[in-house]
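Work through the following exercises with the sequence and the model side by side, trying each task before reading its solution.

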Amino acid sequence: MPIARPEPQNARVIAHVDMDCFYVQVEQRKNPELRGLPTAVVQYNSWKGGGLIAVGYEARKFGVKRSMRGDEAKRICPNIQLIQVPVARGKADLNLYRNAGSEVVSILATKGRCERASIDEVYLDLTDAAEMMLSETPPEVLEEIDEEVLKSHVLGLHVEGNEREENVREWLHRSDADHQDKLLACGAIIVAQLRMKVLYETKFTCSAGIAHNKMLAKLASAMHKPAQQTVVPSSSVKDLLASLPVKKMKQLGGKLGSSLQIDLGVNTVGDLLQFSQEKLQEHYGVNTGTWLWNISRGISGDAVVDRLLPKSHGCGKTFPGPQALKTIASVENWVNQLCDELSERIQSDLDQNRRIAHTLTLHARAFKENDMEPHRKFPSKSCPLRYGTSKIQEAAVKLFDSGLRDFLGSQHIGWGITSLSIAASKISDLPQGTCSILKFLQGKIPSSTSLSGAGEFHKESFPLSSTDDVQSKGCTVMDQEVKQKALASEAASNDIDIKFQAKPLKRIGSMVVKTKDVGKSSILKFFQSSNSSFHTMNQACERSSLDQASSSSFPECEEHSDLEQIDEQVGFSEGHIDSDGHHNQTRNGYTWGINMENIDPSVLDELPMEIQREIQEWFHPPKRANTTRRGSSIVHYFSPVKKG
């Protein structure tokens, strides 16, 4: 439901920038021969010429609308150019348009706080930029004003014919205007400059609304299109809303707007002025009632959120009429394809923007055969999101199964799915210093071959970016010399991996022993340095095992000495935890460190159990067993001095 937020006391300058028929513009930029021709973008489904999802202004002059099919559009406009939207995984692929929208956002964001509302629309908070212009070069002292600014539509400004530009100039130059209108004048100049920059750098046109809040700015941006801008002074707000149909107002297009029409007889936003705040609260609750009272007066305190990236990632597919999915197998097939696309997008977001999504949600629309409960909807289901295509697919199938059980209840009847969508939400920035566990295992830079050979260490288990860019993310890495040495010995190391897996080692305190799970890889394999060092370790461990078998006991100091020699040969030294909580190990003269606070426990949970145990032993080494015999003294540990 809408949330009532009071406007701040200080005046704001908010702009809503909306691209003009954006999908068509993107296609025309890709194929300049389409410019000036009636053009529309259609869905990939070729039934009746495909559904129109974007219609250029040249085609709109002939009466072509988005609700039409391609065949109907051709009857109305025989010369129309129908461009099919790109297709991937059996559905529309909008990446071409998303990327083009990002080009525009990067330009608009240079002048103030920027909130990307969709692929082709952006909110801007230009208050600071307008205040700076007003203090340094106010519009009233400007001798030259750009022609694009003079083409602005200022609501409430009476203009006739060619006099409009001159009247706009006079409005901008007013020295007796109040502070709010002067800020809006500065905002109009700034937005016109941004729109021209977008046109010059991207070849795209856009329209804009400039007002004191987001609600009014969005209403204004659609009033004069294409390639124009509209300014809403405070004095014109009442007239703007008086005749505005309630269904045209954001958040009033659904049930709430219908209720206002049916229950209160409200047809325009201005009609709400006849109701007191208490009356509206009585009908719709305190919060919604207050919001309705506010919007009827043009009051909205919604802030522009500094967000250049989307709040969530989602992909969906509809299955109308006979295309409805009626078997579990067909649903799983489409769920897997949607999850494949979603996984690619969230992984790209993670690699490029260091953002991670936390929640996976499945939505569906469904029907029942011989439905006895026509009003029951297919419930949306959510769960924690784990990165990796297979993990997302597995979770999404379980969400669907759960939703289908709730949807059918105890009925054993046929069903059909007419729409499916998968979304990743609750996206947040990664904390500074948070890294994949692979980045702490920098004994060598693992290649894709060695990683796949390790089995447990697959890329899908670690959602962070590749090891190559670890240094730029602030994680500890080897210096370049050690990297080159590791890469040079990679071929030999792969052979060592196989031998090492046959006799995996486990480190307990300062001891090295064989593990019982022969054939499973150990995390120690990622610290390999050279062929000779690992052969030395294997030989030393085998020698140690033979020594243990040949004698029932030996002095602990001798055992410790042997193992220290192994450590020295292989390149390991005893780990320790410093005062800052870092677990440090030294290898071949290089120290690598782990800050335990920076390791996400959920990452550890994804590792195989034997790997988890090894890591836990690094942090909390088990105490060495007390092998001292009762009654023995310290003298017992020293060999008698030979008499010379």
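**Exercise 1. Determine whether cysteine 114 is buried or exposed, and find how many disulfides the structure holds.**

Step 1. Cysteine 114 has a relative accessibility of 0% and therefore counts as buried, where buried means under 20% relative accessible area, exposed means over 50%, and partly exposed lies in between, with a 1.4 Å probe and protein chains only. The model is a predicted one, in which local features need pLDDT of at least 70 and side-chain atom pairs count only at pLDDT 80 or more, while totals for chains, interfaces and linings use all residues. Residues are numbered from 1 along each chain as its sequence is written, and side-chain values use heavy atoms, with hydrogens and water left out.

Step 2. Cysteine 77, at 1% relative accessibility, is buried too.

Step 3. A disulfide is a covalent bond between the sulfur atoms of two cysteines. With the criterion of a pair of cysteine sulfur atoms within 2.5 Å, the structure holds zero disulfides.

**Exercise 2. Locate glutamate 115 and find which side chain it joins in a polar contact.**

Step 1. Glutamate 115 lies in strand β7, residues 113-118; strands (E, at least two residues) and helices (H or I, at least four) are DSSP runs numbered from the N terminus.

Step 2. With a relative accessible area of 8%, glutamate 115 is buried.

Step 3. Its side chain and that of lysine 214 are joined by a polar contact of 3.0 Å; such a contact is a pair of N or O atoms within 3.5 Å, where within protein one must be able to donate a hydrogen and the other to accept it, and residues adjacent in sequence count only if both atoms are side-chain atoms.

**Exercise 3. Find where the residues with positive phi, lysine 203 and arginine 354, are placed.**

Step 1. Most residues other than glycine have a negative phi, and most peptide bonds are trans.

Step 2. Lysine 203, with a phi of about 70°, sits in the loop between α8 (179-202) and β10 (206-211), and its relative accessible area of 48% makes it partly exposed.

Step 3. Arginine 354, with a phi of about 55°, occupies the loop between α14 (328-353) and β13 (355-356), but it is buried at 16%.

**Exercise 4. Identify which residues the cis peptide bond joins.**

Step 1. The bond joins lysine 225 and proline 226, with omega about -5°.

Step 2. Proline 226 belongs to the loop between α9 (214-221) and β11 (229-231).
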